[in-house]
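The sequence and structure are shown first.

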Amino acid sequence: MTERGATVLYDVPGPRTRLRNNVLTLAFGVVLLLVAYFVWTKFDEKGQWKGELWEPFLRADTWTELILPGLLNTLTAAALAAVLALLFGAVFGIARLSDHRWVRIPAAVVVEAFRAVPVLMLIFFAQYGGSLAGLVVTEFAAVVFGLTVYNGSVLAEIVRAGILAVPRGQAEAGSAIGLRKNQVMRLILLPQAVTAMMPAIVSQLVVLLKDTALGFVVAYADLLNAGARVVPANYANLIPSVIVIAVVYIAINLALGYLATWLERRSRRSRKVSADPAAAEMAGGEVPLVR
């Protein structure tokens, strides 16, 4: 057994380590305060804290006509791209584990190619390459395409790694009781891998949400476009607008992180209860009687 507070990854810090950690924390806090004070004073010298620059954000029409429509466009593009990227990642991640070379090799080529190209280039390619081919590609479609193929490729690697992390004995046990390969993947490997993959998947979805800001370069009317182009053009307050938009992005990403944590805990709890009838009884559930 380990000592109280110890884990398999590290030991309980001793007095000297705790003292060193406290000193480093204090030093970092002081440096952070100094940097914040420096930035505050420089902004103050440039008049960025004047009330008239921040007053537009106290008016309802600024939010209802400018910021909230941009936020809605950002969330719409992010939601659609997230769903498509998850599907893309699941299909190509599983395809990379196929026993057939004619499936495994093309999937690997697609994943590695899209994972190596910057999202911005993919967005440009979708819009301007599509127009050269005679297709009408909107800014929304270009942004969704770039986010889908790039993040989907990254998610494919996450899915592949998550499935490979499941002990081989699980797949062998499924095969031993007569399950086909697709049943082993669907009923045994994927359910166990999802919980392990959840933190990485959510981290990538946060990246996807922030990458919607790259739609700014193709004039997509997203949250960044509203905060860095439309609002400053009306009120000449670029720095305050960018700060407010940054706070909105932080709030969205924190909410997404909390949602992911809740889903992960619920998934672990449901798996534990289903595997342990005694835990279900302690949690207030009823264990069916065998007659």
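## Contacts and overall fold

The model is predicted. Among contacts in the chain with a separation of 6 or more, 71% are between residues 24 or more positions apart. The secondary structure consists of 11 helices and zero strands, and the order of elements from the N terminus is accordingly α-α-α-α-α-α-α-α-α-α-α.

Of the 291 residues in the chain, 32% are buried. The accessible surface amounts to about 18,600 Å², and carbon and sulfur atoms contribute 67% of that area.

## The nonpolar core

The largest nonpolar core comprises 42 residues, and Leu 189 and Leu 223 have the most contacts inside it. Two or more residues each are supplied by α3 (60-95), α5 (119-132), α6 (139-165), α8 (181-211), α9 (223-235) and α10 (238-275). Helix α8 provides the largest share, with 10 residues.

Which residues does Leu 189 contact, leaving aside its neighbours within four places in sequence? They are Ile 163, Val 166, Ala 171 and Val 184.

Helix α8 also contains Thr 195. This residue has a relative accessible area of 4% and is therefore buried, the cut-off being under 20%.

## Annotated transmembrane regions

An unreviewed UniProt entry places the feature "transmembrane region" at residues 21-40, 75-95, 107-128, 140-166, 187-209 and 238-263. In the predicted model, residues 21-40 are 100% helix and 0% strand, with 28 Å between the end C-alpha atoms. The span 75-95 is likewise 100% helix and 0% strand, and its end C-alpha atoms lie 29 Å apart.

## Salt bridges

How many salt bridges does the structure hold? There are six. One of them joins the side chains of Lys 42 and Glu 45, at 3.9 Å from N to O. Both residues belong to helix α1 (residues 15-45), where they are three residues apart, about one turn of the helix. Lys 42 is partly exposed, with a relative accessible area of 38%, whereas Glu 45 is exposed at 58%.

A second pair consists of Glu 112 and Arg 115, whose side chains meet in a salt bridge at 2.9 Å, N to O. These two residues are three residues apart in helix α4 (residues 101-116), so about one helical turn separates them. Glu 112 counts as partly exposed at 33% relative accessibility, and Arg 115 also counts as partly exposed at 33%.

## A network of charged side chains

Glu 157 and Arg 160 form a further salt bridge, with an N to O distance of 3.0 Å. They are three residues apart in helix α6, so the separation is about one helical turn. Is Glu 157 buried or exposed? Glu 157 is buried, because its relative accessible area is 16% and the cut-off is under 20%. Arg 160, at 23% relative accessibility, counts as partly exposed.

Salt bridges that share partners join Glu 157 and Arg 160 with Arg 96, Glu 112 and Arg 115 into one network.

Note on methods:
Residues are numbered from 1 along each chain as its sequence is written. This is a predicted model: local features need pLDDT of at least 70, side-chain atom pairs count only at pLDDT 80 or more; totals for chains, interfaces and linings use all residues. Side-chain values use heavy atoms; hydrogens and water are left out. Helices (H or I, at least four residues) and strands (E, at least two) are DSSP runs, numbered from the N terminus. Buried means under 20% relative accessible area, exposed over 50%, partly exposed in between (1.4 Å probe, protein chains only). Contact means heavy atoms within 4.5 Å. Accessible areas come from the Shrake-Rupley method with a 1.4 Å probe; for residues, only the protein chains shown count as cover. A nonpolar core is a set of buried Ala, Val, Leu, Ile, Met, Phe, Trp, Tyr and Cys residues joined through side-chain atoms within 4.5 Å. UniProt positions are given in the numbering used here, feature names are shortened, and annotations may be inferred rather than shown by experiment. A salt bridge is a side-chain nitrogen of Lys or Arg within 4 Å of a carboxyl oxygen of Asp or Glu.
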